[in-house]
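This report looks at charged side-chain pairs. The sequence and structure come first.

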Amino acid sequence: WCRDNGKTVLWIMDSGCRQSKHPVSVDQRGGRLQTINEYKIRGEKHMETIIIYGSCYGTAKVYAEALAERLKSELLPYDKVKEPAGYERIIYVGGLYAGGVMGMAKTAKKISVDQCKKFVVITVGLAEPADEKNVQNIRKSALRQIPESLVDKTEFCHLRGGIDYEKLSLKHRMMMKLLYEQVKKQPVGEQDADTRAMIETYGQKVSFVDTKCLDDIVKKLED
């Protein structure tokens, strides 16, 4: 037992003496049990939420940390998640790499369809997310990483990230060079938003990260 903002808090331990991720507060006036996530947000009941992120060079992590701060939610990188059980809403923030969302396929396989009511996928890429064709391509690719049983519970949001070629791994740098040499030969009229963004930023350090873009996402999540 401990105290949290004037309330007595009970931390539940499992049989292996590991601390539960879901602390419970006891409202001494009414004796009602409620999770800390519930009463910390204006005393109202909210979905149990966890934010998981997959970030290779940091831009998706920046967004994930900012979102977790606003929602007062637990935050974990995808490679530290064993099984996201007990959460009604799972938010995945992932960078776009090699035609997919980093780490999402491994995470989605671990999600309990019975427990999860909403799976929110927030992608972070170099191209302009307002481009409709770009969004369609992103979602088409992302849906291949999500089990069919989870598709109906999935919602998408898209944000713009950045790139710093000096920080790229040798493998990634070589891959980008080969891709650049290939796509720059395409006629401008045939280039999609992702291709144009790569050509325009090739070899540079650019950042389009803007956490203010999370305002609309937070509002949507709280509705």
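Asp 215 and Arg 70 form a salt bridge, with their closest N and O atoms 2.3 Å apart. Asp 215 sits in helix α8 (residues 214-222) and Arg 70 in helix α2 (residues 59-71), so the pair ties together parts 145 residues apart in sequence. A salt bridge here is a side-chain nitrogen of Lys or Arg within 4 Å of a carboxyl oxygen of Asp or Glu. Helices are DSSP runs (H or I, at least four residues), numbered from the N terminus.

Asp 215 is partly exposed at 41% relative accessibility. Arg 70 is also partly exposed, at 33%. The classes are buried (under 20% relative accessible area), exposed (over 50%) and partly exposed in between, with a 1.4 Å probe and protein chains only.

## Basis of the model

The model is predicted: local features need pLDDT of at least 70, side-chain atom pairs count only at pLDDT 80 or more, and totals for chains, interfaces and linings use all residues. Residues are numbered from 1 along each chain as its sequence is written, and side-chain values use heavy atoms, leaving out hydrogens and water.

## Other pairs

The structure holds seven salt bridges. One of them joins the side chains of Glu 69 and Lys 72, at 3.4 Å from N to O. Glu 69 is exposed, with a relative accessible area of 52%. Lys 72 is partly exposed at 44%.

Lys 184 forms a salt bridge with Glu 181; the closest N and O atoms are 3.3 Å apart. Lys 184 is partly exposed, at 40% relative accessible area. Glu 181 is partly exposed too, at 33%.

Terms used: Helix = DSSP H or I, 4+ residues; strand = E, 2+ residues; numbered from the N terminus.
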